[in-house]
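Thank you all for making the time this morning. I would like to take you through one structure, going slowly over its charged side chains and a few backbone details.

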Amino acid sequence: MPETSYSVLGIFETPDALMKAIPKARAAKLGEVEAYTPYPIHGIDDALGHRKSPLGGMVLVMGILGAITAFGFQYWISAIDYPIITGGKAANSWEAFIPIMFEVTVLFATFTAGLGMLFLLNKLPFFGHPVLSSKSITGITRDRYALAIEAEDESFDSAAAAQTLKDAGAIEVEILPAPDRSPFLTSNFILRALGGIFTACVVAGLAMFFLTKWFPLLAPMKYMQDQPRLNAQKASTFFKDGHGMQQPVAGTVARGFLPTATGTQEEAASLVNPLPRTKEVFAEGRKVYVNRCEVCHGSLGNGVGSLTAAYGGKPANLQSQMFREYPDGKIYWAIVNGKNAMPSHAPYLSENERWAVVHYVRALQRAQNAKDEDLKVVAP
């Protein structure tokens, strides 16, 4: 049986017991020593004598090669074979090559990591590893730690290996038989696989052909091809007016927003300024007023702006009695819709900016029309 054994597996209860057993198993020199644990154990690679994995170096080299390859292809196309000046930049502007260089670097590095690990380091394909079919595998994947002495040649002594593991503290020993390493890609297997694929294709093709002949109206995915829907800019019989596109229901307000004052100015009179009178709000309102309103209405809001008589318009005097008595909603409406020569500022101001400038206009009016309670008496 020694010549047909793959390895001898010893089970240990703790990682410390496993680490203490590794030097004893290696000192016996009966075969290659390997460990199987449910999670990585610090220092186990050095204890087993494993060399540092070359995978990192392989990935680094191929990543650099990928970057150089991408740069070379792009440089040849852009600077030599078909140079085009774009945006006034030189044809060999390497900065534009970086996105593709990055992608090709990742491509080369990823394929190297995957294929190098599978075929060079793990030496796959190896179907049916003996440890996977052992009775100890359930414990190894949960809370047991295994140490294997694997055969290096036909002279492997499985009995001596089992005794060595027992002496090292193994609570259980299992001898694993050698797997069947006969090639699976034989000519017989390939012919049978190709024959099965060909037969399946023929059967599927004939079945689809006759089904379409017998049921010509039962087209595949019929209900996904013919879905009832409204096409933009097309007529529709679903709505009474025959239009596929409909206006929002009258009075509809978007969730989280106040009405946008699209009706008349009188209708907007009921709108209430939602912003608090805080220092930050007044600062925002002053900024908007200076940028948008001061040129016409003046820094005091009295209609004396910085425009000359050539302008020809007559900006409103916001300090007049009429505008002081205006509800906030009416001023907001004028900002949104414009009035007389003043255009709409809605495309340039957010909702909060519009309400903030309303607050600032009120501050200007109060500053020029102070009440008794606004006056502070200073003792002489």
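Let me begin with asparagine 340, which is exposed, with a relative accessible area of 79%, and please keep in mind throughout that what you see is a predicted model. Asparagine 340 sits in the loop between α11 (328-337) and α12 (351-368), and although it is not a glycine, it has a positive phi of about 55°. As a reminder, most residues other than glycine have a negative phi.

Lysine 29 belongs to the loop between α1 (15-28) and β2 (32-36), and because its relative accessibility is 73%, lysine 29 counts as exposed.

Turning to the overall layout, the domain assignment gives domain 1 (1-186) and domain 2 (265-378), and the centres of domain 1 and domain 2, taken over C-alpha atoms, are separated by 74 Å.

Now to the salt bridges, of which the count comes to five. Lysine 330 forms one of them with glutamate 266, where the closest N and O atoms are 2.9 Å apart. This pair links distant parts of the chain, with lysine 330 in helix α11 and glutamate 266 in the loop between α8 (222-225) and α9 (279-297), 64 residues apart. How do the two partners stand in terms of accessibility, buried or exposed? Lysine 330 counts as buried, because its relative accessibility is 12% and the cut-off for buried is under 20%, whereas glutamate 266 is exposed, at a relative accessible area of 56%.

A further salt bridge joins the side chains of arginine 362 and aspartate 328, at 2.8 Å from N to O. Here too the pair links distant parts of the chain, arginine 362 lying in helix α12 and aspartate 328 in helix α11, 34 residues apart, and both arginine 362 and aspartate 328 are buried.

Elsewhere, salt bridges that share partners join Arg142, Asp143 and Arg144 into one network. Within it, aspartate 143 pairs with arginine 142, the closest N and O atoms being 3.9 Å apart; aspartate 143 is partly exposed, with a relative accessible area of 34%, and arginine 142 counts as exposed at 58% relative accessibility.

Finally, there is a patch of negative charge on the surface, where Glu32, Glu152, Asp153 and Glu154 gather. Of these, glutamate 154 is placed in the loop between β3 (145-150) and α6 (158-167), and glutamate 154 is exposed, with a relative accessible area of 68%.

Definitions and conventions: Residues numbered from 1 in each chain as written. Predicted model: local features only at pLDDT ≥ 70, side-chain atom pairs only at ≥ 80, totals over all residues. Heavy atoms only, no water. Patch = residues over 30% accessible without salt bridge, like charges linked within 9 Å, V, L, I, M, F, W, Y side chains within 5 Å. Areas by Shrake-Rupley, 256 points an atom, 1.4 Å probe, with all protein chains shown as cover. Salt bridge = Lys/Arg side-chain N within 4 Å of Asp/Glu carboxyl O. Lys, Arg positive; Asp, Glu negative; His and termini not counted. Charge placed at Lys NZ, Arg CZ, Asp CG, Glu CD. Helix = DSSP H or I, 4+ residues; strand = E, 2+ residues; numbered from the N terminus. Buried < 20%, exposed > 50% of the residue type's maximum accessible area, 1.4 Å probe, protein only. Domains from an automatic or database assignment.
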